[in-house]
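Keep the viewer open as you read.

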Amino acid sequence: MPQISQLRRFAVPITGTAMVAGMLLVGTPASAAPVTTTFQTACQAKSVLTVDKMTTSSVTVDAPQTVSPGETFTFRMQTNASSYPNSDSGATTTNLSRLKNDFTLPGNATFVSATIVAGTSFNLDGVAPSVIRISDAGVEDANGPYLRISGSNQVVGNGAANSTNSEGGIRAPKTKKNLDGSTNSNGDSWFRLPAIDVTMVAGASGVIQPTIRTAGTAANYGDDKNFNTQLARASFLGGTQWAPTRCSPRDAKGNANLNAGAGPLATISIASAPVDVETTTSLSVPATAITGSAVDLTATVAPNNAVGTVQFKSNGTAIGSPVTVTGGVATLSHAFDVAGAQSVTADFTAGAGFVSSSAAAQTVTVSDPAPVDVETTTSLSVPATAITGSAVDLTATVAPNNAVGTVQFKSNGTAIGSPVTVTGGVATLS
């Protein structure tokens, strides 16, 4: 966080910030590499005198590079670490308090939640840091356009509990310690506000670009709505001095133009929804089939890289299980069990990236198999002698005994009697 170094002996001493390379992001939620945006910051501190100073700030954002429309995602933001001196210009620094950072919620996404990331702050006390959504007036608002890191919204201005001459909110105590906990040889005290995780739902298209707060009067130099403000306290000649400090991203003091710090801190692209590929399905079947004998039913799906399954049907009833399409083809070997005209169809159910399609119906004429004649043998039994005028039995035995038909007996090549029906494999003529 940027601070001001006062140049007058009777003004409050606030040091310039030092940017720490390599932000300590704990358990980062995104897959893309973190991006750090470094920029010049112009700060104005108002005490007995008004003092202006330029310093360097940075914000590190860890976010996915792309998200899908409607996807819930999380990105993380953290400002750089800072320090203030033990003393400056004859005044002894006591602490900094009422620390806050404001960020603008990006467009093309719907806000879900924002949380403080544990373990990412350093050397803070007072009111525990929290992140809230605020209106332009700085009050908590579920529909506000900004996110604020503060301690119960106790800030120097544009908050719910404002003061420029009393401690409150998040405080950076005087420890004379470095970020690693070691003693600072110059007596500087280092601190860092925590990172926040922001969860949103991606819109339909475009890009999502988190930024610090610079809209409206937040872009003005020395305004309470500046993205970073704090209250410095110091002692001088036995008295207490207060210096509310306000910082904005610009390359020169005063109302110079905003710099790259007011631009996107990261760009998250919303991937275009994939367009499913149209398919066509054709069906190939034999013109005829015999009941009980398997035939191939073949569906061809175009394009041939389409993924999915084909359900074959006969007269509207599914036959077999769905067949996986491989290389654009699905084949089912099927035996019809009923004779007659069968209307065969094939429905392609597409996998991801393709559109389902159906083939036009094809007719298969199914018939029962033709009967196969069974070979028979016939033997004849007659008496060895007979008397004219006296009846004798002429017996024909046909095998197999379930054969059906008639036997015509003959004598010397001339038919005798009418054909006799075979019964139980036997035909007898008297």
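Contact here means heavy atoms within 4.5 Å. Keep in mind that this is a predicted model.

With that in hand, go to Val398, which sits in strand S33 (residues 394–399). Leaving aside neighbours within four places in sequence, Val398 is in contact with Thr376, Thr377, Thr378, Ala403, Val407, Val422 and Gly425. Its relative accessibility is 8%, so Val398 counts as buried. Now look for Phe312: it is 86 residues from Val398 in sequence, and the two C-alpha atoms are 49 Å apart in space.

You'll find Thr324 in strand S27 (residues 323–324), and it counts as exposed because its relative accessibility is 53%, where the cut-off for exposed is over 50%. Setting aside residues up to four places away in sequence, Thr324 touches Gly308, Thr309, Val329 and Ala330. Of these, Thr309 is 15 residues away along the chain, with 4.3 Å between its C-alpha atom and that of Thr324.

The largest nonpolar core has 36 residues, and Phe75 and Val198 have the most contacts inside it. Several strands give two or more residues to this core, including S1 (35–46), S2 (50–62), S7 (91–104) and S16 (196–202). S16 gives the most, with four residues. Phe75 itself touches Val61, Ala63, Pro106, Ile196, Val198, Met200 and Ile268, among others, not counting residues up to four places away in sequence. Apart from this core lies another, of 22 residues, and Phe312 turns up again there, among them with Ala289, Ile319 and Leu332.

Definitions and conventions:
Residues numbered from 1 in each chain as written. Predicted model: local features only at pLDDT ≥ 70, side-chain atom pairs only at ≥ 80, totals over all residues. Heavy atoms only, no water. Buried < 20%, exposed > 50% of the residue type's maximum accessible area, 1.4 Å probe, protein only. Core = buried A, V, L, I, M, F, W, Y, C linked by side-chain atoms within 4.5 Å.
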